[in-house]
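Good morning, and thank you for the time. I would ask everyone to look at the chain on the screen while I go through it.

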Amino acid sequence: MLKFALAGNPNSGKTTLFNTLTGSTAHVGNWPGVTVDKKEGVYKKCGEPISIIDLPGIYSLSPYTPEEIISRNYILDEKPDCVINIVDATNLERNLYLTTQLMEIDVPVIVALNMMDEVTRCGGKIDAAKLEKKLGIPVAEVSALKGAGIKVLMDKAYAASKTPRKGSTVLKDSALAHLINDVKIALAGSGKVDNPLFHAVKLVEMDSLEVEAHKELVQMIDDFKAIFTDNTFGADFEAIVADSRYQYISKNFSCVLTKPTKAEGALTKSDKVDRVLTHKWWGIPIFLVILFAVFHLTFSEDLLYLGAMGAIPETFVSLEGTFYEGMFGAGSIHSPGVILFNFLDSSMGGVSEALAGAMEGAVADWATGLVVDGVLGGLFAVLSFLPQILLLFLFFSILEDSGYMARVAFILDRIFRRFGLSGRAFMPMIMGFGCSIPAMINTRTLADSNERTATIRVIPFFSCGAKLPILTAIAGAIVMNFGVGNADIITYSMYVLGIATAIVTVLLMRNTTMRGEVPPFIMELPAYHAPQFKNLMLHLWDKLKHFVKKAFTIILASTIVIWFVSHFSWGWNYLPDAAINESILAGLGQFVQPLFTPLGFGSQLNAWGWVFVVAAVTGLIAKENVIATFGTLAACITAGFAADEALEGIDSVVQMITATGITVPALLAFIAFNMTTIPCFAAVATAKAELNDKKKYHATLLFWIVTSYVVGTIIYVIGSWWWTSFLFAAAIALAVFLIIRNNKHRKCPFRKYKKGV
Ligand code: GDP
């Protein structure tokens, strides 16, 4: 079967084109590096079926990132019948940089000028025929998103694949043209090397892979270096080659582009929005406000603050005590997230009540206990948060797909580069809001290995979907039991705390054990897009599937185990609910409990206090387990609640509070501890594989334990004795001062590429 490879910059629309060609439904997003894995599919609408291989998104064929090496080796070794180079037409000059390198390989190449709909919409034009002539390879205009021009592209690619092609270069006017030619002749003369032009250029750049492969030719280049000087770049041949490419591109290809008809220098809509959203000072506050709005819509009991302002219309107040109030609120108006939560919660409550009624008397007491309290109690405690989790992810997907999340990385890059961290590292971190596992894999785009290790370590602090039930249930219980705060403000603060912990610890690492240079990060800000409904639904569907699958496998199994070890003593005798303090689980919990005294959920709690420690430990299997464990144990802790009733998350936490006497600061410390400690097994396994170094992996586990312990302690201590905050603030200020002083010499080589249109 014919093989066509898709190559292009991150964000050029490769995934979208791949999906259009192969009909597969892969995730489509705005973050560079989404397509790290190799994806294959089949295109069937040409003369014969064609296998399509999606290469990772790359900016160049240099050997600095795994993506670049994968793509380069694939094209050189597997020799596809045609390379479809997908080019973002709204960012033409930047994208053609890769094209000029692909052209040097002896393989048929065709340029797919993507996002033509966007160019036209902005009033721009591209003379594709002229571009084709200048490049010397076929060009086809397409819009992967709208599915326009695909057939023509594939027909042209099919035709191209039938004619062998010799590599050509745009470096003919470069100061190094002669040298390249000489090296090429030497390589070709040896008779053993395919693609002599490509290898010659790379060798002249002193590309590490080529130097390794052709040691015998290095002397020739060194000799040339000795007699060569360049005013700007000295003898840095890599820089000279890169510069020659850019010069050629801007001299020859800018004429194919007709800028929008607006006055010269006029800003596109995207640029105007960016002026505000990526503003030097306002960028971060705006991000925090947007994040808060998301949390408010998902978790707030009082959406418009009508209740807080005492401004509830009469008609609403008169609904008090009705079904309407239970669902939508009457003393206030609930947010969409809370309304969805109420609907699901009330139906699940009905199911477990009905089941308890049916089983009672019909089967043994312990069986009712296992099914109703143990299994349903645990599962429902977690499942009841599903609507809010999905809603939060819907908002995150909208922010991601619209292109806003890329801006967040841009805003953060500007500041954190000074501290040894690039915006590129923030992309995987932000992905961590979804799940740590793909986020850790995504760190492969980071070239500096210390930056990569530091990033993998802090990814779990970007609270993932599985930690959401912990946040929501405890925040809800704090509001319900102590009457303080708002659930949305508490959950939001905890997210921000996670981000802050990540930033502080990563800065500490980058300035101590994990030092390293920050490579220049050329970031593309894709034009803002209206998110596609289909993509959003695909994201949600993925999330839903994953969550439900986990609930009925890992979490279900854990709740059963927890129920058994909490209802049997060391001598394997069955214990009734009231006696679970003598169970195996209680024994283990009580043994470790004193360790958590500085965090507020240790020895200061009464005889039931071990439940918090036990819950945190079950969270290592899957984070949802923390609340599932509360759900399973809730019915046994009878203080103030009727037993034999499966309780959803918030109620079961309230019950733990009443039974153990835990305080608000200790609850907050408990959330923070769970957010920043060792993540779930699956994430730990991923970290281990990605770090691929035993020492680093063990240090990482220790790092998670220490961080969570310190963060939990700080929260508990400040929350209990507010004046200690001055001590902590002084310590942090001192640390920041020392770091800044230490980093004065670091330059800020940030460059933002302007869009071509
Ligand atoms: P990849 O990183 O190269 O795989 O790029 P994606 O396929 O994820 O696309 C990046 C963004 O560009 C997504 O938001 C797409 O919806 C959008 N996009 C892709 N192709 C087109 C197109 O032809 N026109 C427009 N307007 N947007 C596109």
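Predicted model: local features only at pLDDT ≥ 70, side-chain atom pairs only at ≥ 80, totals over all residues.

Residues are numbered from 1 along each chain as its sequence is written, and side-chain values use heavy atoms, with hydrogens and water left out.

The chain contains 34 helices and ten strands; these are DSSP runs numbered from the N terminus, helices being H or I with at least four residues and strands E with at least two. Of its 757 residues, 56% count as buried, meaning under 20% relative accessible area with a 1.4 Å probe and protein chains only. Taking contacts between residues at least 6 apart in sequence, 72% join residues at least 24 apart, where contact means heavy atoms within 4.5 Å.

Let us turn to strand S3, residues 50-54. Five of its five residues are buried, so S3 is largely enclosed by the rest of the structure. In a regular strand, side chains alternate between the two faces of the sheet. Here Ile-50, Ile-52 and Asp-54 lie on one side, Ser-51 and Ile-53 on the other, and all are buried.

Which strands accompany S3? Strand S1, residues 2-8, runs parallel to S3 and is joined to it by five bridges, with Leu-2 opposite Ile-50. Strand S2, residues 39-43, pairs with S3 in the antiparallel sense, also over five bridges; pairing requires that DSSP find at least two bridges between two strands. Lys-39 has Asp-54 of S3 as its bridge partner, and a hairpin of six residues joins S2 to S3.

Among the helices, consider H3, residues 92-102. Ten of its eleven residues are buried, so H3 is largely enclosed by the rest of the structure. The buried set includes Arg-94, Asn-95 and Tyr-97.

Finally, helices H28, residues 610-618, and H31, residues 664-676, pack at an angle of about 20°, with their axes 11 Å apart. Axes are lines fitted to C-alpha atoms over the stretch in contact, and angles run from 0 to 180 degrees between N-to-C directions. The two helices are therefore roughly parallel to each other, a term used for angles under 35 degrees. Phe-612, Ala-615 and Ala-616 of H28 meet Leu-667, Phe-670, Phe-673 and Asn-674 of H31.

Terms used:
Parallel < 35°, antiparallel > 145°, perpendicular 65-115°, else oblique. Buried < 20%, exposed > 50% of the residue type's maximum accessible area, 1.4 Å probe, protein only.
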